[in-house]
Amino acid sequence: VFHIIGIVFWIGGLLVTTTVLAVHTGEMVPEARVVLEHLEVKLLRGMAHPGAAITVLAGATVVWIQPGYLHQHWLHAKLFLVAILIALDLIVYTRAKAFHKGEIKLQRRECMILHGAISLVFLGILILVLIKPF
């Protein structure tokens, strides 16, 4: 249950953050930009990253309780996709942080590509967990 709750918060937080970032890139009103920046930080720190921690800890606990999972090929593929998801999370975080500091000019297109990549990785994880094709 905690593993599922964690993934909902993690993926939900990342998808909403990338959507808000996409809006933020085109916003010209300074007050609105400040509000969007605060929202992005709250989504990452208060939703996505705690969800990631819960997901990883709960997943490790499941594998510890049922060590037979370690020999399942679908789990190896899932863990590979989780590693990609962690990398995407770090990309979103570092790009947002640099954008907030004014170090980079983030493009709406980049935000939507990240959004799509996160969605596809999550879809792959769901397929592996539900169908267990290997």
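1. How many positive and how many negative side chains does the chain have, and how far apart do the centres of the two sets lie? In this predicted model, the chain carries 11 positive and 7 negative side chains.

2. Regarding secondary structure, the chain contains four helices and zero strands. Read from the N terminus, the order of the elements is α-α-α-α.

3. As to overall dimensions, a box of roughly 55 × 25 × 20 Å, taken along the principal axes, is filled by the C-alpha atoms of the chain.

4. On burial and surface, the chain has 134 residues, of which 35% are buried.

5. Helix 1 spans residues 2–26 and helix 3 spans residues 73–101. The two helices pack at an angle of about 35 degrees, and their axes are 11 Å apart. The crossing of helix 1 and helix 3 is left-handed. On the side of helix 1, the residues making the contact include Ile7, Trp10, Ile11, Leu14 and Leu21, together with His3 and His24. Helix 3 contributes, among others, Val82, Leu85, Ile86, Val92 and Phe99, as well as Lys78, Asp89 and His100.

Terms used
Residues are numbered from 1 along each chain as its sequence is written. This is a predicted model: local features need pLDDT of at least 70, side-chain atom pairs count only at pLDDT 80 or more; totals for chains, interfaces and linings use all residues. Side-chain values use heavy atoms; hydrogens and water are left out. Buried means under 20% relative accessible area, exposed over 50%, partly exposed in between (1.4 Å probe, protein chains only). Lys and Arg count as positive and Asp and Glu as negative; His and the chain ends are not counted. The place of a charge is taken as NZ of Lys, CZ of Arg, CG of Asp or CD of Glu. Axes are lines fitted to C-alpha atoms, for helices over the stretch in contact, and angles run from 0 to 180 degrees between N-to-C directions. A crossing is left-handed if the near helix is turned anticlockwise from the far one by less than a right angle, and right-handed if clockwise. Contact means heavy atoms within 4.5 Å.
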